[in-house]
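Me: Please examine the structure shown below and answer some questions on its ligand surroundings and salt bridges.

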Amino acid sequence: MPSASYASIFVAALLCLPPTSTAAPSIPSSQSQPVTRGTLKRLKRATSAVDEPWLRGHRDYLKNKYHAGSDSTSPAKRQTYGSSQLFNYGADYAYYTSISIGTPPVAYDVLLDTGSSDLWFVGEDCPTCATSGRPTYSSTGSSTFNTTGSAPFGISYLGGDVNGTTAHETVSMAGMSIDNQSYGVIHIFQEGSLPKIVSGLLGMAWRPLAKLGVPWWMNAASKYQWAEPLFAVALSREVTNPAPLASEPGGSFTVGAVDPSLFTGEIDYIDIPDGYNTWWLAPLTGITIGGSVLQIGSQLAAIDTGTTLIGGPPTVVEAIYAQIPGVQRGTGDSAGYYFYRK
Ligand SMILES: *[C@@H]1O[C@H](CO)[C@@H](O)[C@H](O)[C@H]1NC(C)=O
Ligand SMILES: *[C@@H]1O[C@H](CO)[C@@H](O)[C@H](O)[C@H]1NC(C)=O
Ligand SMILES: *[C@@H]1O[C@H](CO)[C@@H](O)[C@H](O)[C@H]1NC(C)=O
């Protein structure tokens with residue numbers, strides 16, 4: 001990780017099954033998988049890598065999104081864990097990873113999103129998908145592509161809707177391979193729903209939010225006996241890098257274990273409140289600003305790797321920024337945002 005200091009890596013371990021007393025194993029630095037790259041990543045200087053439609057979409061999406069408030073069937077013989085490299089796009093703008101699909105496997109970059117539960121790729125026959133030059137998904141040549149019972153679907157996201165058709169395929173990541181994973185192939189796509197560089201979205205939240213069937217991670221938790229009942233995300237920061245590339249290696253995603261080299265101290269595990277296994281929600285009662293605690297009542301906060309923003313109810317956000325001198329309120333397209341310049 002050449003340009004990210006460990007001190008600036010944020011580690012979140014998301015516990016998804018009843019804890020066992022297994023000690024943390026050490027993680028191999030990378031898990032090599034026999035995959036064919038779908039594309040080569042071209043690295044460009046990040047001049048202004050930020051996708052404006054996507055950013056605007058996120059604001060509107062966040063406003064709506066958070067208003068509402070397993071056992072192993074056939075455990076594998078040995079306890080499993082694995083890891084996958086993350087990439088930091090646009091200097092802390094979005095985080096993505098590579099996932100492989102089909103037989104033989106082809107790798108595509110997908111946004112890693114703990115704030116939704118479905119997996120989809122933009123299809124090659126999608127006229128609006130390729131306009132930004134992102135690689136599109138093709139099922140051609142795969143012997144495990146399965147369209148039996150496929151059905152049209154639509155999902156509203158971020159900056160727009162996506163519409164497509166469901167299918168089933170073999171989908172692998174972090175050394176874990178799921179046969180018959182349900183996913184979507186997108187035919188109609190609004191540009192604001194995904195950063196330009198990636199070909200799809202991997203939803204890592206819970207089943208009740210899913211439109212396309214059981215999320216990949218829940219299938220992986222059923223099929224494999226994870227060494228620890230969790231997955232973990234480490235996100236790098238590029239704030240101190242004077243000339244970040246459009247894509248930098250940026251942290252890691254681990255399934256079944258936490259990488260002990262990425263944190264010190266104890267992990268504070270917090271229960272998702274009963275009946276709320278939708279997003280990865282944690283109760284939030286106060287926020288420390290400049291050393292003093294602002295009580296915000298009893299809120300549930302979602303840990304969402306798919307957004308670049310911190311969002312909250314307008315009254316809470318206003319109360320936070322009221323404590324910070326020099327903050328400016330956005331207007332026009334930026335309405336609802338607050339700006340702070342050092
Ligand atoms: C293909 O998909 C259908 C529909 O979901 C499913 O019932 C069937 O078992 C799948 N076939 C294989 C070989 O996985
Ligand atoms: C696409 O999906 C959205 C969200 O579900 C839906 O509102 C819209 O009608 C769909 N459009 C088409 C052309 O199917
Ligand atoms: C494939 O998944 C579907 C549901 O998505 C399920 O109905 C079917 O039984 C599965 N088939 C196999 C072979 O596992």
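**Salt bridges and ligand shells**

Reply: Arg237 has a relative accessibility of 37% and therefore counts as partly exposed. The model under discussion is a predicted one.

Me: Which residue forms a salt bridge with Arg237?

Reply: The N to O distance in this salt bridge is 3.1 Å, and the cut-off for such a pair is 4 Å. The partner of Arg237 is Asp92.

Me: How many residues apart in sequence are the parts that Asp92 and Arg237 tie together?

Reply: Asp92 belongs to the loop between β4 (82–89) and β5 (94–101). Arg237 belongs to the loop between β13 (230–235) and β14 (247–255). The pair therefore ties together parts whose separation in sequence is 145 residues.

Me: Is Asp92 buried or exposed?

Reply: The relative accessibility of Asp92 is 14%. Buried means under 20%, so Asp92 counts as buried.

Me: In which strand is the residue that forms a salt bridge with Glu318?

Reply: The partner of Glu318 is Arg329, with the closest N and O atoms 3.6 Å apart. Glu318 itself lies in helix α3 (residues 314–322), so the pair ties together parts 11 residues apart in sequence. Arg329 lies in strand β17 (residues 328–329).

Me: What is the relative accessibility of Arg329?

Reply: Glu318 is partly exposed, with a relative accessible area of 40%. Arg329 counts as exposed, a class that requires a value over 50%. For Arg329 the value is 54%.

Me: Which side chain has an N or O atom 2.4 Å from an oxygen atom of ligand 1?

Reply: The residues around ligand 1 are Asn146, Thr148, His168 and Asn180. A polar side-chain atom of His168 lies 3.4 Å from an oxygen atom of the ligand, and one of Asn180 also lies 3.4 Å from a ligand oxygen. The side chain with the 2.4 Å distance is that of Asn146.

Me: What percentage of the area that ligand 1 exposes when taken alone does the protein bury?

Reply: The shell around ligand 1 consists of four polar residues, with no nonpolar and no charged ones. Asn146 supplies a side-chain N or O atom 2.4 Å from a ligand oxygen. Of the 360 Å² that ligand 1 exposes when taken alone, the protein buries 42%.

Me: Which strands each supply at least two residues of the shell around ligand 2?

Reply: Ligand 2 is surrounded by Gly154, Ile155, Ser156, Asp161, Val162, Asn163 and Ile188. By class, these are three nonpolar, three polar and one charged. The strands in question are β8 (152–157) and β9 (160–173).

Terms used:
Residues numbered from 1 in each chain as written. Chains lettered and ligands numbered in written order. Predicted model: local features only at pLDDT ≥ 70, side-chain atom pairs only at ≥ 80, totals over all residues. Heavy atoms only, no water. Near = heavy atom within 4 Å. Polar contact = N/O pair within 3.5 Å; in protein donor to acceptor, adjacent residues only side chain to side chain. Areas by Shrake-Rupley, 256 points an atom, 1.4 Å probe, with all protein chains shown as cover. Nonpolar A, V, L, I, M, F, W, Y, C, P; charged D, E, K, R; others polar. Salt bridge = Lys/Arg side-chain N within 4 Å of Asp/Glu carboxyl O. Helix = DSSP H or I, 4+ residues; strand = E, 2+ residues; numbered from the N terminus. Buried < 20%, exposed > 50% of the residue type's maximum accessible area, 1.4 Å probe, protein only.
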